[in-house]
Amino acid sequence: MSQPVLIEPFFDPDSCTYSYLVADPATGDCAIIDPVLDYDHAAGRVSRASADRLIDYIQAHSLKLTWILETHVHADHLSAARYLQTRLGGRIGIGDALPLVQQNFAPVFGFDPVLYERQFDRLFADGETFALGELSVRVLHTPGHTPACVSYLIADAAFVGDTLFMPDSGTARCDFPGGDPRQLYRSIRRLLDLPGQTRLFLCHDYKAPGRDQYCCQTTVEAARAHNIHVGAGIAEDAFIALRTERDRTLGLPRLLLPSVQVNLRGGELPEAQASGIRYLKIPLDVL
């Protein structure tokens, strides 16, 4: 019998992102996966309403935040990891292939990759396990969308980041620096080798045509049978052709540049200059 686990989704409509609070009912220890820091790009203004909803839930249910987990370096929202840690404690973790993303973006923003790597408390190896109260969390490297994506397996649930979407929406793009559709296909196959009843919790949903509700979860069995990109035995080369052609039609996410430079620092915002003002960099004619 699987261990009991409490899972509460939190949806950010601006970026269509799902964050998750995962708790061990026996101990009250909890983790937050992929938290969102609100950001008004036009005004250059940060706010924290989404993160505060998570804090309110934790405090209302007398939980203890022990882990803040990122599935990857997100390109569509800023991470609230550092803010949550400042308010409630806990350790910030991400996959140990993080330096591959840093190598791609260090020249773009002109930063020191080693300094950025130290912003994380734990870099998880593939197959590594760690404790969440009495629950065991297993880390699977699932690269392809980015070279450093990971999924977290907790009891009968897998938190898969941007690797998979709902079956009627398919899979994530692979055209960011370091992305690779062949890697993505093989990562997805690794997930689909999990038991059929495994619940897959997704980082995004955009409501596929014909569906009027957002959804945050599916199952391995449903993905195997019905995912429009990889289900029903779609072969690797066919997927690569489909994914590559689809990616050619996509523009860059509107928050890519602010998101990456903050998220590579574990959600740490840039230091203020002598004026007291913080600045994000917008490189020109690079991406």
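Mentor: Gladly. On a 1 Å grid over the protein atoms alone, a cavity is a set of points where a 1.4 Å probe fits but cannot get out, and lining residues have an atom within 4 Å of a point. Here, Phe-10, Phe-11, Asp-12, Thr-17, Ser-19, Val-36, Ser-50, Arg-53 and Leu-54 line the second largest cavity. A word on the source: this is a predicted model, where local features need pLDDT of at least 70, side-chain atom pairs count only at pLDDT 80 or more, and totals for chains, interfaces and linings use all residues. Residues are numbered from 1 along each chain as its sequence is written, and side-chain values use heavy atoms, with hydrogens and water left out.

Trainee: Which elements supply at least two residues each to the lining of the second largest cavity?

Mentor: Helices (H or I, at least four residues) and strands (E, at least two) are DSSP runs, numbered from the N terminus. In this lining, β1 (6-12), β2 (17-23) and α1 (49-60) each supply at least two residues.

Trainee: What is the volume of the second largest cavity, and how does its lining divide by class?

Mentor: A volume is the space filled by probe spheres set on the grid points, which are joined across faces, edges and corners. For the second largest cavity that gives about 60 Å³. As for class, Ala, Val, Leu, Ile, Met, Phe, Trp, Tyr, Cys and Pro count as nonpolar, Asp, Glu, Lys and Arg as charged, and the others, Gly among them, as polar. The lining of the second largest cavity has four nonpolar, three polar and two charged residues.

Trainee: How many cavities of 30 Å³ or more are there, and what lines the largest?

Mentor: There are three of 30 Å³ or more. The largest has a volume of about 70 Å³, and its lining includes Val-73, Phe-105, Thr-146 and Leu-256. Both α3 and α8 (256-263) supply at least two lining residues each. By class, this lining has eight nonpolar residues, one polar and no charged ones.

Trainee: How should I read a nonpolar core?

Mentor: In soluble globular proteins, nonpolar side chains tend to be buried together. A nonpolar core is a set of buried Ala, Val, Leu, Ile, Met, Phe, Trp, Tyr and Cys residues joined through side-chain atoms within 4.5 Å. Buried means under 20% relative accessible area, exposed over 50%, and partly exposed in between (1.4 Å probe, protein chains only). The largest core here has 42 residues, and Leu-21, Leu-84, Phe-105 and Leu-264 have the most contacts inside it. Helix α3 (residues 98-109) gives the largest share of this core, six residues. A second, separate core of 24 residues includes Trp-67 and Phe-201.

Trainee: Is Gln-119 buried or exposed?

Mentor: Gln-119 counts as buried because its relative accessible area is 17%. Its place is in the loop between α4 (113-117) and β9 (122-124). Contact means heavy atoms within 4.5 Å. Not counting residues up to four places away in sequence, Gln-119 touches Arg-82, Arg-265, Gly-266 and Glu-268.

Trainee: And where is Thr-129 found?

Mentor: Thr-129 lies in strand β10 (residues 129-132). With a relative accessible area of 45%, Thr-129 is partly exposed. Leaving aside neighbours within four places in sequence, Thr-129 is in contact with Arg-122, Ser-136, Val-137 and Arg-138.

Trainee: What share of the whole protein counts as buried?

Mentor: Of its 287 residues, 55% count as buried. The protein has eight helices and 15 strands.

Methods. On a 1 Å grid over the protein atoms alone, a cavity is a set of points where a 1.4 Å probe fits but cannot get out, and a pocket is an open set with protein on both sides within 12 Å along at least five of seven lines; lining residues have an atom within 4 Å of a point.
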